[in-house]
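Me: I am new to this structure and would like to go through it in questions and answers. Please show it to me before we start.

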Amino acid sequence: MLQFASILAFPVTPTLVQQDSKTTWRLASDDLTNIISLAWEMLDPTSEQVLHNIEMLPQVSNSFFPYRSIGSGEQSLYVSDVPPNLAPKQKLNAADVIPCFICGKQFRLPMMRNHVGGHVIRSQRQSPDPTATVAVGPEPCGFCGREGCYTQLTKSGLSFKVTSQCDYHYSTMQYKAAAKFSANAPCTNVPIHCALCPTSASGTPRTIWKYNAIYHLISEHGDENQQIPSIPGQFMVDMFVHRREEAAMGFTAQETAEYRQQNQIPDSDAIDAIAESNEVGKRGRSNTQSTTGSDSHVSKQGRIA
Ligand SMILES: [Zn+2]
Ligand SMILES: [Zn+2]
Ligand SMILES: [Zn+2]
């Protein structure tokens with residue numbers, strides 16, 4: 001018996017035909033092609049959600065697939081325009097030394113996310129980045145600094161799994177260690193879940209990178225006045241960048257204070273209180289915070305658009 005999610009089922013309407021004295025079904029090629037397109041769209045192939053949605057598909061391995069045209073023998077009824085970044089890739093190893101796509105400097109894979117975080121945070125705040133030779137886009141990948149990589153975070157109990165199609169995906173990264181500040185690797189830019197986006201077809205929350213959270217909130221959830229709806233407490237904790245991390249990234253205390261004021265981000269004490277109350281109650285009631293779009297992000301959006 002084959003079991004699969006009901007959203008993956010698409011009805012077909014065959015006609016009955018006689019063939020070799022037997023009665024059988026006939027399905028119109030156009031109908032099947034349309035259903036394949038619909039089914040592929042259902043997987044949300046242009047967002048990172050596709051990574052988990054694909055996992056819902058049952059795997060079938062036999063010589064009948066892909067189907068072939070009876071006349072020409074050509075393969076048919078398959079998805080032909082799969083984005084190249086969904087193709088299986090060889091993962092890099094921790095010992096591999098690779099160049100930063102933004103400045104060209106070389107690092108071992110485990111340190112690349114930490115290094116790229118410096119470019120990303122400067123870009124998000126529109127701060128000068130003298131070493132960058134390539135501009136960072138509005139929602140950069142935290143592993144490589146480029147746009148367009150698909151990365152998804154799955155939480156299961158206390159464990160975190162990061163799936164990514166990024167060339168620089170560090171597949172053995174320890175999530176909790178990466179999300180924690182340390183003097184050697186201050187950058188805590190990790191994939192987090194957006195609590196405001198709808199979940200995917202497979203029920204997984206949308207994944208964004210922590211440093212991109214303010215931009216994401218303003219661009220995806222802000223109203224015409226750049227006002228963002230209340231943010232659930234845990235989401236605020238997940239996206240919060242502590243001052244010591246900002247200092248290690250080269251921001252002065254005054255710059256941090258101004259940025260927080262512009263975006264109505266609470267201070268560390270308030271965040272610690274939210275985190276603590278989350279731990280204590282695991283939150284029956286919503287513990288929410290508000291933030292507002294800053295002028296700098298308005299102008300950034302304008303620049304990007
Ligand atoms: Zn770099
Ligand atoms: Zn990437
Ligand atoms: Zn969102």
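Me: Which residues of the largest nonpolar core touch the most other members?
Reply: This is a predicted model, where local features need pLDDT of at least 70, side-chain atom pairs count only at pLDDT 80 or more, and totals for chains, interfaces and linings use all residues. A nonpolar core is a set of buried Ala, Val, Leu, Ile, Met, Phe, Trp, Tyr and Cys residues joined through C-beta atoms within 7 Å; buried means 20 or more other C-beta atoms within 10 Å of the residue's own, exposed means 12 or fewer, and partly exposed lies in between, with C-beta atoms placed from the backbone. The largest such core has 44 residues, and those that touch the most other members are V116, F143, C144 and Y168.

Me: Which elements give two or more residues to this core?
Reply: Residues are numbered from 1 along each chain as its sequence is written, while chains are lettered from A and ligands numbered from 1 in the order in which they are written. Helices (H or I, at least four residues) and strands (E, at least two) are DSSP runs, numbered from the N terminus. The elements asked for are helix 2, helix 3, strand 8 (207–209), helix 5 (213–221) and helix 6 (233–239).

Me: Which residues does C144 touch, not counting those up to four places away in sequence?
Reply: Two residues are in contact if their C-beta atoms, placed from the backbone, lie within 7 Å. With that sequence limit applied, C144 touches F101, V116, C149, C166, D167 and Y168.

Me: How many of the residues of helix 3 are buried?
Reply: Helix 3 covers residues 109–124. The element is mostly covered. The count of buried residues among its 16 is 13.

Me: How far is the C-alpha atom of T154 from that of R206?
Reply: T154 lies in strand 5 and is partly exposed, because 18 other C-beta atoms are within 10 Å. Leaving out residues up to four places away in sequence, T154 touches K161 and T204. R206 is 52 residues from T154 along the chain, and their C-alpha atoms are separated by 9.9 Å.

Me: How many bridges join strand 1 to strand 2?
Reply: Two strands pair if DSSP finds at least two bridges between them. Strand 1 (15–19) and strand 2 (22–26) run antiparallel. In this pair T15 has R26 as its bridge partner, and L16 stands opposite W25. The number of bridges is five.

Me: What is the phi of S21?
Reply: Strand 1 and strand 2 form a hairpin with two residues between them, and D20 in the turn has a positive phi of about 50°. S21 is in the loop between these strands and is exposed, because 5 other C-beta atoms lie within 10 Å. The phi of S21 is also positive, near 65°.

Me: Which peptide bond is cis, with omega near -10°?
Reply: Most peptide bonds are trans. P66 is found in the loop between helix 2 (50–55) and strand 3 (97–99). The cis bond runs from F65 to P66.

Me: What share of the chain counts as buried?
Reply: The chain has ten helices and ten strands. Its C-alpha atoms fill a box of roughly 85 × 45 × 40 Å along the principal axes. Of the 305 residues, the buried share is 29%.
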